[in-house]
Amino acid sequence: MAFNDISPNRNRGLTRRSLLAGALSGAGLAVVGGTAAHAAGRPSSRRRVLVATNEPWGTYHAAPLLPEARRQGWEVVQLVPDRSQIKPDDPVKVATPDEIPAADLLVVTGAGDWPADCAARLRDLPLVASSLAYQLPQEAPRAREFRDRLRAITASSPAEAKVFDDYLGTRRRIEVVGTPQTDDLPRYRPEAGTVLVLTSVTKDDETGGSAPGTQLLLDSAERLAAAGKHILVGLHPREDRSLWERYEISAVPSVQASARAESAIGIPGTVFPVVAAMGVPLVGCTDPALQIPDYLLSVCTHTITKADDAVTAVETAEPVSRKVLYEAVGPVGGSAKRLFKVWRKAGHSAHAAA
């Protein structure tokens, strides 16, 4: 693998795989979605990308792309099995199998059942794999179904590129584009005694799996509150809000909330390197059942397995070095622009070849 500098275990299959595959197979997608945009008569200056993720309804992975998409004249549409998990005010446009529009490109962010099914049905569309949430460094069972079709592969950072390469089972050039969430970081203004708790997901549901370690995080938050810390909770989009209502729950996304935090503690996940990029010291809550890539752990000053260690760990945590940060988060600023540049090139080369 070569790479250029331009998420709980998500490898598990969906329990609703047969339902999702059935929804796609009955929709005639090869005809509806497989037509390139220029052939459908849309202006060539406007591009549409379809996105399919391992968490089929997880539009929060695509949301950070929207500001740059608007600036560059792109339309981002996430493919979802149905609208059952989509809120009316969700800013990300979605399409179900019976309404997929013509598009220039299909982007899969993983090789789970839903993206693999979408790739199988939309065979006429140029295909790109872009890591927008962490995976594990082991080949996904369904990656072999579409990896030979990939016109480009992107990842946020050098470390994530290595993991994504193993996950896809390729030895391909991977474009390191950075993390779109770092493109517009707020000014860091930590408030004395404020600890940001970064939650994961407590219960399995149709949108994805849960993360071990939640009880450890809950207990750690109690210890920190008892020690006089102000607990600010950054909820994972799928987390059970009722578990955390005794504390202040941030009204803004976790990355924005981190601007207030002297330190942060949580179950290491995709957001950890982005919070580290803010300059926030991090502590990771780990569990024997957790599978976490090393680069997510690398941005933590400490990892703990007992709640009694939380206070000392938080009080002694420090920001990571620039070297560690770059390896884990990639180049900061302009990330979405770099990502769309790769996507545009992949779509353009496909149309030129046709």
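Modeller: Let's start with a rule: two strands count as paired if DSSP finds at least two bridges between them. Keep in mind that this is a predicted model. Now look at Leu196, which stands opposite Ala264 in strand 12.

Colleague: How do you know that strand 9 and strand 12 pair?

Modeller: Four bridges join strand 9 to strand 12, and the rule asks for at least two, so the two strands count as paired. They run parallel. Leu198 also has a residue opposite in strand 12, namely Gly266.

Colleague: What joins strand 9 to strand 10?

Modeller: Five bridges do, and these strands run parallel too. Leu196 stands opposite Leu232 there.

Colleague: What is the order of the strands in the open sheet?

Modeller: The order is 11-10-9-12-13-14, six strands with parallel pairing.

Colleague: Why do strand 11 and strand 14 stand at the edges?

Modeller: Each has a single partner strand, so one side of each is left without a neighbour in the sheet.

Colleague: What makes strand 9 "mostly covered"?

Modeller: Five of its five residues are buried, and buried means under 20% relative accessible area. Thr194, Leu196 and Leu198 point one way, while Val195 and Val197 point the other way.

Colleague: Why is Gln135 called buried?

Modeller: Its relative accessibility is 4%, and the cut-off is under 20%, so Gln135 counts as buried. Gln135 sits in the loop between strand 6 (127-130) and strand 7 (150-155).

Colleague: What makes the pair Gln135 and Thr109 a polar contact?

Modeller: A polar atom of the Gln135 side chain lies 3.3 Å from the backbone oxygen of Thr109, and the limit is within 3.5 Å.

Colleague: Is Leu297 buried, exposed or partly exposed, and how do you know?

Modeller: Leu297 has a relative accessible area of 27%. Buried would be under 20% and exposed over 50%, so Leu297 is partly exposed. This residue lies in helix 9 (residues 294-298). Leaving out residues up to four places away in sequence, Leu297 touches Pro268, Thr286, Ile292 and Thr303.

Colleague: How do you know that the span of helix 6 is close to what's expected?

Modeller: Helix 6 (residues 214-226) has 13 residues and reaches 18 Å from its first C-alpha to its last.

Colleague: What do the buried residues of helix 6 pack against?

Modeller: Several elements, including strand 9 (194-198), strand 10 (230-234) and helix 10 (310-316). Among those buried residues are Leu216, Ala221 and Leu224. After the helix comes Gly228, whose phi is positive, near 95 degrees.

Colleague: Which residues touch the most other members of the largest nonpolar core?

Modeller: Leu224, Trp244, Ile265 and Leu282 do, out of 49 residues. Helix 6 gives the most to this core, with five residues. Apart from it lies another core, of 30 residues, among them Leu106 and Tyr167.

Colleague: What is Leu282 in contact with?

Modeller: Setting aside neighbours within four places in sequence, the contacts of Leu282 include Leu198, Ala264, Phe272 and Val299. Contact here means heavy atoms within 4.5 Å.

Terms used
Residues numbered from 1 in each chain as written. Predicted model: local features only at pLDDT ≥ 70, side-chain atom pairs only at ≥ 80, totals over all residues. Heavy atoms only, no water. Expected span 1.5 Å × (residues − 1). Buried < 20%, exposed > 50% of the residue type's maximum accessible area, 1.4 Å probe, protein only. Polar contact = N/O pair within 3.5 Å; in protein donor to acceptor, adjacent residues only side chain to side chain. Core = buried A, V, L, I, M, F, W, Y, C linked by side-chain atoms within 4.5 Å.
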